[in-house]
Amino acid sequence: TGVQTCALPISVWTAIHVQYGPVELTFVFILGLVLGGIRLKTGSLWTPFLIHAVSNLIATMELAWMSD
């Protein structure tokens, strides 16, 4: 299936994020599965692209808020 096809590149992408701990890596993997599923469902890259951008924005805001 499409999700199984996505699993290998998602696993590699998760492994590249070596700077994160196990909890964050799990989040990266699950987000990759969700975004891959959305890509397969919608047939568009724009929806997962926008969700990824919002996710990064939230993470950046959390980091900025925690550093104050």
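What pattern does the protein follow, read along the sequence? The answer is α-α-α, and the legends below take a closer look. This is a predicted model, in which local features need pLDDT of at least 70, side-chain atom pairs count only at pLDDT 80 or more, and totals for chains, interfaces and linings use all residues. Residues are numbered from 1 along each chain as its sequence is written, and side-chain values use heavy atoms, leaving out hydrogens and water.

**Figure 1. The fold has three helices and zero strands.** Helices (H or I, at least four residues) and strands (E, at least two) are DSSP runs, numbered from the N terminus. Along the principal axes, the C-alpha atoms fill a box of roughly 45 × 25 × 15 Å. Of the 68 residues, 16% count as buried (under 20% relative accessible area; exposed is over 50% and partly exposed in between, with a 1.4 Å probe and protein chains only).

**Figure 2. Trp46 and Phe49 form an edge-to-face aromatic pair.** A search of the whole structure finds one such pair; its rings lie 5.6 Å centre to centre, with 85 degrees between the planes. Rings of Phe, Tyr and Trp (its six-membered ring) pair if their centres lie within 6.5 Å; planes under 30 degrees apart count as stacked, over 60 as edge-to-face and the rest as tilted. Both residues sit in helix H3 (residues 46-67), three residues apart, about one turn of the helix. Trp46 and Phe49 are both exposed.
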